Amino acid sequence: MSISPAEQKPVKIKVHTSIRNGNEKETFELTTFGRYYEKNGSSFLQYEEVMEEGTIKSIVKVSEEEVLILRSGAVSMRMVFQKEKKLRGRYETPFGQMELTTRTKRLNHSYNEETNKGLVDLLYELNMQGSNAGTYHMEITFEEEK
């Protein structure tokens, strides 16, 4: 079953990620355009990111208790987030695959029908190949394009 274009809303998306590892802090920001829609009780954000390695398609699926981030294209990634749970994921590049685990400390999401604005707020610890990669705070905000 596909979603008709009328049910998909064009949105402007901002992804703000900050990473703390010891005393070091890095921040990344992405502003892009994509689509927002709801299907089978879940909300979806779809967008593309152009990087040196090529184009990456991202899907963020938000349900009541879980957030799933899928990326495909130049890199392939699958990460699942559930509050207070340690879950496995994977990250694939042309150079090989890495095992990921996330332990989610905070998972909030909201969507306001009146303003057509939404938020996905994730705070998690990330391990890559069994080593601590830091504490990540990812905030995805989006609003309907008029």
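Is R90 buried, partly exposed or exposed? At 29% relative accessibility, R90 counts as partly exposed, where buried means under 20% relative accessible area, exposed over 50%, and partly exposed in between (1.4 Å probe, protein chains only). The structure is a predicted model, in which local features need pLDDT of at least 70 and side-chain atom pairs count only at pLDDT 80 or more, while totals for chains, interfaces and linings use all residues. Residues are numbered from 1 along each chain as its sequence is written, and side-chain values use heavy atoms, with hydrogens and water left out.

Overall architecture comes next. The protein chain contains zero helices and 10 strands, with helices (H or I, at least four residues) and strands (E, at least two) taken as DSSP runs numbered from the N terminus. Reading along the sequence gives the pattern β-β-β-β-β-β-β-β-β-β. The C-alpha atoms fill a box of roughly 45 × 30 × 30 Å along the principal axes. For 146 residues, a compact globule would have a radius of gyration near 15 Å, and the value of 15 Å for the protein chain agrees with this; the radius is taken over C-alpha atoms, and the globule rule is 2.2 Å times the number of residues to the power 0.38.

Of the 146 residues in the protein chain, 35% are buried. The accessible surface comes to about 9,100 Å², and carbon and sulfur atoms hold 45% of that surface; these areas come from the Shrake-Rupley method with a 1.4 Å probe, and for residues only the protein chains shown count as cover. A contact means heavy atoms within 4.5 Å. Among contacts between residues at least 6 apart in sequence, 34% join residues at least 24 apart.

Charge is the next topic. The protein chain carries 21 positive and 23 negative side chains, and the centres of the two sets lie 3 Å apart. Here Lys and Arg count as positive and Asp and Glu as negative, without His and the chain ends, and each charge is placed at NZ of Lys, CZ of Arg, CG of Asp or CD of Glu. A salt bridge is a side-chain nitrogen of Lys or Arg within 4 Å of a carboxyl oxygen of Asp or Glu, and by this rule the count comes to five.

One of these salt bridges joins the side chains of E49 and R71, at 2.4 Å from N to O. This pair links distant parts of the chain, with E49 in strand β3 (residues 42–51) and R71 in strand β5 (residues 67–73), 22 residues apart. E49 is buried, with a relative accessible area of 15%, and R71 also counts as buried, at 18%.

Another salt bridge pairs D121 with R106, the closest N and O atoms being 3.0 Å apart. Distant parts of the chain are again linked: D121 sits in strand β9 (residues 117–128) and R106 in strand β8 (residues 96–112), 15 residues apart. D121 is buried, with a relative accessible area of 9%, whereas R106 is partly exposed at 28%.

This leads back to R90, which forms a salt bridge with E92, with 3.1 Å between the closest N and O atoms. E92 is found in strand β7 (residues 86–93) and is partly exposed, with a relative accessible area of 29%. Leaving aside neighbours within four places in sequence, E92 is in contact with V75, S76 and Q97. E92 and S72 are 20 residues apart in sequence and 9.2 Å apart in space, C-alpha to C-alpha.
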